[in-house]
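Please read it beside the sequence and the model.

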Amino acid sequence: MQRSNGQQKIDVHISIVGAGHVGKWLLESLSKKYDSERTGVRIHVDRIVARDPRKQRHGIEKEILSFNLEDAFRGPETKIVVEAISDLKASKDIACKAMENGKHWVTSSKTMALYPREIVEAAIKNRRNIGYMASVGGGTCILDRISKIPYPINTVVGVLNTTSHFILKRMLLGETYEAALHEAQSAGLAEPNPDFDVKGRDGAHKIAIVAQRAWNTAITHEQVCTEPIDTITPVDIQLASALIFRDEYGNKHPHVIMPIQIAQLQSGRLALGCFPSLVPGNHALTTIGEKENAVYIYHDGRREPVEVRGPGAGEPTADAIISDIVEIAKKDAAGIVDPPTLSRRIEVLDPGEIESEFYIRLYTQNVPGAMHKISGVLAKHMINMQMFYQPMLTMRGMRSPIAIIVDKEKGSTVQRALKEMEELGYVEDTLLLRLFH
Ligand SMILES: NC(=O)c1ccc[n+]([C@@H]2O[C@H](COP(=O)([O-])OP(=O)(O)OC[C@H]3O[C@@H](n4cnc5c(N)ncnc54)[C@H](OP(=O)(O)O)[C@@H]3O)[C@@H](O)[C@H]2O)c1
């Protein structure tokens, strides 16, 4: 069959493992929206494999549905195994098995954050291509955009966890953490057990995969410094908004607490973090919609970062999977095999070594000399205080919150100082957050 522009069309047969949300969105997009005239690739679904035969599978033709995983690898015509399951160890096993059976592998799972070396090794050994664009940023194709930057990258920063972002956005409107979490759960944006999102683990998986792509290195999620958002209180939101950042034009901006993921070269070593941070109100990060994902890629080619933003999850995830299928089908037809090597070695900083400006929140009793002693602890550790803010006057002996911003410093140094402040006897309920400017 010829395309209208005279080019030959490519036929590619795929099998899908996983008939959950993503599996169904993929089937639906392929059957109702996909345009093979535009892409030049006709996609045929040979098989969709689910696990539990007792579940109803509306919208899936019986002829292609299987409950036997082996069926995913069997079809002689099947070129690509597309996998969308929630079990990352099983996903890695499927990837390796698919490639051993001569199939390329595409996934929406964050498997590369756990098993980058095993998967790359299997791809290189079996001369297969892999695609995992849907694993970060849903349908935004963030990984693809990173690949296309022709200059050295120095920082990738963004918001890649929708649940945490939604919760902090709601807290900005005056809700408590508990109320905002409840709302996220009601909206289907948070699991009944939200720990994977709010403790920063999901974001850590995603920024690990982003860092792999930006620096061609085999980062895993365990190397990411991870801090939770569930320690943030409405008082922190208020204190942050009272701490003003003055930009280069003299304009003043309040700070907003955001759940950012960041990968940054610091003196040739990689700082990797998934932590709530104070961001000045003039940064584009603060304009991200409550269900959006976005990243800003700072590179040596231009002063302004490259922005990629869009829906972070949901149906558009299928778009990223289809892009991967199309790209791999074209490579396969052309005999091109080019999986990532992730061969570059870059040292990753320990969390305590990561340098940032810090926000310290503490509650202290109104006792004579309290502030003198607190600032004395900072001075002892050679930490420079940039800003100090106490929102209310209190009677002698009563406690009140205080916010302190300190200059760029290693996390471990600020932690040590904070511990020493707590030992003063009248400092309690402390919190340390980073600043991103
Ligand atoms: N949902 C999103 O918006 C989104 C966006 C981007 C990426 N992702 C990622 O994509 C993956 C799938 O997400 P989802 O939302 O589709 O999850 P889901 O609705 O929970 O579906 C998961 C599917 O995986 C199957 N499964 C689980 N373990 C399996 C195993 N060991 N062997 C074979 N099948 C297995 C389940 O089978 P049964 O149906 O038989 O239980 C189910 O069909 C996850 O890794 C997720 O993180 C999701």
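The points below are grouped by topic, after a short note on conventions.

This is a predicted model, in which local features need pLDDT of at least 70 and side-chain atom pairs count only at pLDDT 80 or more, while totals for chains, interfaces and linings use all residues. Residues are numbered from 1 along each chain as its sequence is written, and side-chain values use heavy atoms, with hydrogens and water left out.

**Domains**

- The chain is divided into domain 1 (10–139 + 316–334), domain 2 (143–311) and domain 3 (351–435); these bounds come from an automatic or database domain assignment.
- Taken over C-alpha atoms, the centres of domain 2 and domain 3 are 24 Å apart.
- In the contact (heavy atoms within 4.5 Å), domain 2 takes part with 21 residues and domain 3 with 19 residues.

**Interface of domain 2 and domain 3**

- About 1600 Å² is buried between domain 2 and domain 3, and carbon and sulfur atoms give 66% of this area. Buried area is the accessible area (1.4 Å probe) that two parts lose on being put together, summed over both.
- Of the area that domain 2 buries against domain 3, 33% is supplied by Leu239, Leu243 and Leu278, more than by any other three residues.
- Three salt bridges cross this interface of domain 2 and domain 3, by a rule that asks for a side-chain nitrogen of Lys or Arg within 4 Å of a carboxyl oxygen of Asp or Glu.
- On the domain 2 side that touches domain 3, helix 11 (234–242), strand 10 (252–266) and strand 11 (269–280) each supply at least two residues. Helices (H or I, at least four residues) and strands (E, at least two) are DSSP runs, numbered from the N terminus.
- Strand 11 gives the most to that side of domain 2, with seven residues.

**Ligand surroundings**

- The ligand is surrounded by 22 residues, the closest being Asp52, Lys55, Arg57, Ile85 and Ser108; a residue counts here if one of its heavy atoms lies within 4 Å of the ligand.
- A backbone N or O atom of Asp52 is 2.6 Å from a ligand oxygen atom.
- For Ala19, a polar backbone atom lies 2.9 Å from an oxygen atom of the ligand.
- Lys110 places a polar side-chain atom 3.1 Å from an oxygen atom of the ligand.

**Salt bridges**

- The structure holds 29 salt bridges.
- Arg269 pairs with Glu353 in a salt bridge, with the closest N and O atoms 3.4 Å apart.
- Asp71 and Arg74 form a salt bridge at 2.5 Å, N to O. Both lie in helix 3 (residues 71–74), three residues apart, about one turn of the helix.

Terms used
Polar contact = N/O pair within 3.5 Å; in protein donor to acceptor, adjacent residues only side chain to side chain.
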